[in-house]
Amino acid sequence: MKKIFLFLILSVLLSVSVVAQEQSTSPGYKPSSYYTFAWNTLWTIGDFNKWVGNGSPAGFNFGGRYFIPGTNFAAGFNIQWQRVWQDYPQQTFYGDNGVALTAVNYRFTWMVPFQAAIDYYFIPSKMISPYISLGIGGDYMEHHLLIQELDIYKTYWDFSLTPEIGALIKFGAFSNFGAQIAFNYKWTTNQINFSNNDKFKNLQMLQLRVGLCYLLR
Amino acid sequence: MRFFKLTLLAAGFLSLASCSKYPPLSSRLLEDLAVLTQYDVNTNFGQYKTFSMVDSISYISDKSTKKILDAQAKAVLTRIAQDLTSRGYQEVAKSTNPDLGINVSAIEVTNVTAYYPGWYWGYPGYYPPDWWGYPGNSYYYPYYPTYYTSYSSGTLSIEMVNFKKINPKGQIPVVWNAFIRGLLTGTHTTVDITNSIDQSFAQTPVLKTSL
């Protein structure tokens with residue numbers, strides 16, 4: 001799994017740097033702002049991966065960025081919707097007060113992250129503009145443990161940090177439409193706490209986002 | 001532009017299709033048996049030696065209540081006794097004043113919402129304290145029991161009562177209970193049920209005598 005992520009990161013970096021060099025003399029414009037609607041895929045890592053081991057493509061992201069005049073910086077927001085899930089064979093959970101439960105169980109986490117973000121674009125006026133970004137915000141998460149017809153769930157709000165690399169790709173030098181590809185790591189203060197043998201803290205994840213953009217001049 | 005619009009439309013549909021909070025569920029979730037147990041953490045199970053079993057399974061439903069003793073019921077009672085014996089307890093006749101008593105019920109009730117634990121004790125067919133030789137007494141849980149609010153999936157209930165700790169109110173404590181749920185969903189063999197009984201003991205390691 002680590003190799004795949006490393007490969008993805010290197011691929012993004014290499015491709016954006018190579019194309020950026022090729023495009024360095026090409027015409028273009030620096031947008032004043034842009035909006036994205038993207039498909040988001042998430043892989044759980046760390047403790048989160050012990051709760052749900054599967055990655056999930058069930059997510060989307062809506063974002064907006066506003067370029068700070070005279071700089072290569074843009075500030076904006078991301079709002080997301082995401083779900084990860086996995087079914088497990090018979091497992092035993094031990095709770096308080098002598099309670100134990102053995103059952104097939106189905107776990108899923110549904111999350112609605114919202115973050116403020118600051119980006120730095122290396123060549124914002126070019127057709128392909130790689131960037132680095134840091135998102136700071138929070139998440140609303142619902143962790144569900146389904147056993148038979150029972151739906152036991154807990155909800156948590158958290159604080160989260162998301163360093164990201166990506167590229168903004170215009171469909172033409174002067175096009176108002178484009179695409180975005182981004183890869184990020186997210187650290188949260190969220191937790192899962194259902195039983196004595198299932199306590200997970202500081203949920204972390206890796207995310208790949210691919211979407212479409214509408215750019216304003 | 002046309003490509004962009006189509007792609008945007010497709011992305012929109014994809015996103016909307018995945019908008020449901022709940023993912024597609026596995027059918028095994030309802031079909032497999034679940035084993036829920038709870039014991040009184042203040043009870044020292046090691047200090048007891050003898051137990052006695054009910055002589056049939058109380059079958060409790062919305063429509064009727066009865067006692068059953070078919071081949072499957074016998075297999076269930078036998079396996080419970082075997083599991084207790086394997087933990088050092090000794091089965092004796094109820095007339096010999098056992099330390100512990102085992103009540104077993106099969107529950108098929110729908111639309112159960114918020115009953116106090118032991119709600120089915122009032123049902124005809126259930127083994128009341130009188131049957132054990134304690135007329136005028138009642139059962140109670142010394143712990144706040146974890147229980148399901150619906151028994152529509154079919155539940156086998158096993159309760160261990162402690163005749164040595166009857167309180168001044170005449171209440172006999174239930175010191176361990178097991179719910180094996182899902183009997184009416186999916187297809188379950190007697191082996192599935194007896195394996196679940198084994199599991200109910202396996203997940204309660206304190207349930208063994210030191211005498």
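Predicted model: local features only at pLDDT ≥ 70, side-chain atom pairs only at ≥ 80, totals over all residues.

I began with S3(A) and S4(A), which pair in the antiparallel sense over 18 bridges. For the record, two strands count as paired if DSSP finds at least two bridges between them, and strands (E, at least two residues) and helices (H or I, at least four) are DSSP runs numbered from the N terminus. Residues are numbered from 1 along each chain as its sequence is written, with chains lettered from A and ligands numbered from 1 in the order in which they are written.

Next I checked the turn: S3(A) and S4(A) form a hairpin with four residues between them, and A:Asn97 there has a positive phi of about 60°.

I then followed A:Gln82. A:Gln82 stands opposite A:Met111 in S4(A), and A:Gln82 is also the bridge partner of A:Gly59.

Last, I crossed to chain B. S4 (residues 99-121) of chain A pairs with S1(B) in the antiparallel sense over four bridges, and A:Thr102 has B:Val35 as its bridge partner.

I also looked up the contacts (C-beta atoms, placed from the backbone, within 7 Å): 33 residues of chain B touch 29 residues of chain A. Helix H1 (2-17), helix H2 (28-31) and strand S1 (34-39) of chain B each give two or more residues to that side.

Note on methods. Contact = placed C-beta atoms within 7 Å.
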